[in-house]
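Here is a short report to read alongside the model. Please have the viewer open as you go.

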Amino acid sequence: MLVARSIALFAVAALFEIGGAWLVWQGVRGSDAHGGRGWIWIGAGVIALGLYGFVATLQPDGEFGRILAAYGGVFVVGSIAWGMVADGYRPDRWDVIGALVCLAGMALIMYAPRGR
């Protein structure tokens, strides 16, 4: 149950962080002849990024360094998936292999048995 909760929290954190960064990107650089979509998009992105920071604190493991290091793998996979859905990005085989390596690293960091 703790692993399932942890994975769900990583997914929610990814939505907030990647979505927030994407909103800021769109606010600064998105459409409107590359002049950006404006401050409302940027503000929404900043709020989403703040929510990401809060969600990360809800992980069952209490080690900040471990949580953020493991989240890096989730971020890589989530960023590629977000780009595919939101921007039509098509990863090549090296993107996919790299993302899987990152996800395997995340699983080792978070869920490997430890002698405590």
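In what order do the elements of the protein run from the N terminus on? They run α-α-α-α, and the protein has four helices and zero strands. Helices here are DSSP runs of H or I with at least four residues, strands are runs of E with at least two, and both are numbered from the N terminus. The C-alpha trace spans about 55 × 35 × 20 Å along its principal axes.

This is a predicted model, in which local features need pLDDT of at least 70 and side-chain atom pairs count only at pLDDT 80 or more, while totals for chains, interfaces and linings use all residues. Residues are numbered from 1 along each chain as its sequence is written, and side-chain values use heavy atoms, with hydrogens and water left out.

**How the helices pack**

Two helix pairs are set out below. Axes are lines fitted to C-alpha atoms, for helices over the stretch in contact, and angles run from 0 to 180 degrees between N-to-C directions.

| Pair | Axis distance | Angle |
|---|---|---|
| α1 (residues 2-29) and α3 (residues 64-87) | within 9 Å | roughly 55° |
| α3 and α4 | 8 Å | about 155° |

The α1 and α3 angle makes α1 oblique to α3, whereas α3 and α4 are roughly antiparallel to each other. For these words, angles under 35 degrees count as roughly parallel, over 145 as roughly antiparallel, 65 to 115 as roughly perpendicular and the rest as oblique.

If you look at α1 against α3, the contact (heavy atoms within 4.5 Å) includes Phe10, Ile18 and Trp22 of α1 and Tyr71, Phe75 and Trp82 of α3. By class, this contact has 13 nonpolar, four polar and two charged residues. Ala, Val, Leu, Ile, Met, Phe, Trp, Tyr, Cys and Pro count as nonpolar, Asp, Glu, Lys and Arg as charged, and the others, Gly among them, as polar.

On the α4 side, residues of α3 including Arg66, Ile67, Val74 and Ile80 meet residues of α4, among them Asp95, Cys102, Leu103 and Met106. The contact of α3 with α4 has 13 nonpolar, one polar and two charged residues.

**The largest pocket**

What lines the largest pocket? The lining has 11 residues, of which Leu2, Pro60, Asp61, Met110 and Tyr111 lie nearest the centre of the pocket. A pocket is an open set of points on a 1 Å grid over the protein atoms alone, where a 1.4 Å probe fits, with protein on both sides within 12 Å along at least five of seven lines; lining residues have an atom within 4 Å of a point. The largest share of the lining, three residues, comes from α1. By class, the lining has six nonpolar, two polar and three charged residues.
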